[in-house]
Amino acid sequence: DGQEVRLTPEIVKKYLVQGKGELVTVPELMYFLNICRARRLNPLVKDCYLVKYTEKENAAIITSVDFFRKRARAQKDCNGWKKGVIVKTKDGQVRDSYGLVLKDEELVGGWFEAQPEGWTTPFRLEVNLSGYLKKTSEGKLTRFWQPENQPTMIAKVAEAQGLRTLWPDEFQQLYAEEEGRPIADE
């Protein structure tokens, strides 16, 4: 939004890391700060944040789905988009929903659709739920991926992937929390 923000490693560790800031390494901090600068992300308004819980895992840069939405709406060829969930009915049929999963249906994934200006056909992306369910070290679903939250979470995954696919110059190497991507592969 045009404001210049100066972040120090101490400020990032103290205020912008979720989890254990003391475990974040200097290279992880520098990577985070440089990604923020390069992508014009403002962590102070929660465009993104850094997450680290254990020494064994890499810190993760998490980007808000609202940042994806705001940046996508600013694209000159954006005509809007739709997202939702894919469910299997009790008789085995598969149907799209905008988020409602009935009691006798099984949630199986998420979907995203858009047709940027100038495209002759709509773009559709689908993701499987099973590949994104997050579990604790004890093997239990995290609180965000409890069954009652799964429709919202998997729809956000599909939305973030769809927006990144349509506008890679804006979103490449940026991942929404629901996708759970590491900051670097080792």
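R164 is buried, at 13% relative accessible area, where buried means under 20%, exposed over 50% and partly exposed in between (1.4 Å probe, protein chains only). This residue is found in helix 4; helices (H or I, at least four residues) and strands (E, at least two) are DSSP runs, numbered from the N terminus. The model is predicted, so that local features need pLDDT of at least 70 and side-chain atom pairs count only at pLDDT 80 or more, whereas totals for chains, interfaces and linings use all residues. Residues are numbered from 1 along each chain as its sequence is written, and side-chain values use heavy atoms, with hydrogens and water left out.

Leaving aside neighbours within four places in sequence, R164 is in contact (heavy atoms within 4.5 Å) with F68, F171, Q172, Q173, L174, Y175 and E179. R164 and A74 lie 90 residues apart in sequence, with a C-alpha to C-alpha separation of 14 Å.

**Nonpolar core**

A nonpolar core is a set of buried Ala, Val, Leu, Ile, Met, Phe, Trp, Tyr and Cys residues joined through side-chain atoms within 4.5 Å. The largest such core has 41 residues, of which V12, F32, L50, F112, I154 and F171 touch the most other members. Two or more residues come from each of helix 1 (9–16), helix 2, strand 2, helix 3 (65–73), strand 4 (81–88), strand 6 (106–114), strand 7 (123–128) and helix 4 (150–166). Helix 4 gives the most, with eight residues. Not counting residues up to four places away in sequence, F32 touches V12, P43, C48, Y49, L50 and I61.

**Strand pairing**

A pair of aromatic rings is described by the distance of the centres and the angle of the planes. Rings of Phe, Tyr and Trp (its six-membered ring) pair if their centres lie within 6.5 Å; planes under 30 degrees apart count as stacked, over 60 as edge-to-face and the rest as tilted. By this rule there are four aromatic pairs. The rings of Y98 and W111 have centres 5.5 Å apart and planes at 70 degrees, so this pair is edge-to-face. Y98 belongs to the loop between strand 5 and strand 6, and W111 to strand 6, so that the pair links distant parts of the chain, 13 residues apart. Y98 is exposed at 61% relative accessible area, whereas W111 is buried at 3%. Ring pairs also link F112, W119 and F123 into a cluster.

S97, in strand 5 (residues 94–97), is buried at 6% relative accessibility. Apart from residues up to four places away in sequence, S97 touches G84, V85 and W111. The side chain of S97 also reaches the backbone oxygen of L100 at 2.7 Å.

**Positive phi angles**

R40, although not a glycine, has a positive phi of about 55 degrees. R40 is found in the loop between helix 2 (26–39) and strand 2 (48–52) and is exposed at 55% relative accessibility. K46, in the loop between helix 2 and strand 2, is likewise a residue other than glycine with a positive phi, near 70 degrees.

Technical notes:
Polar contact = N/O pair within 3.5 Å; in protein donor to acceptor, adjacent residues only side chain to side chain.
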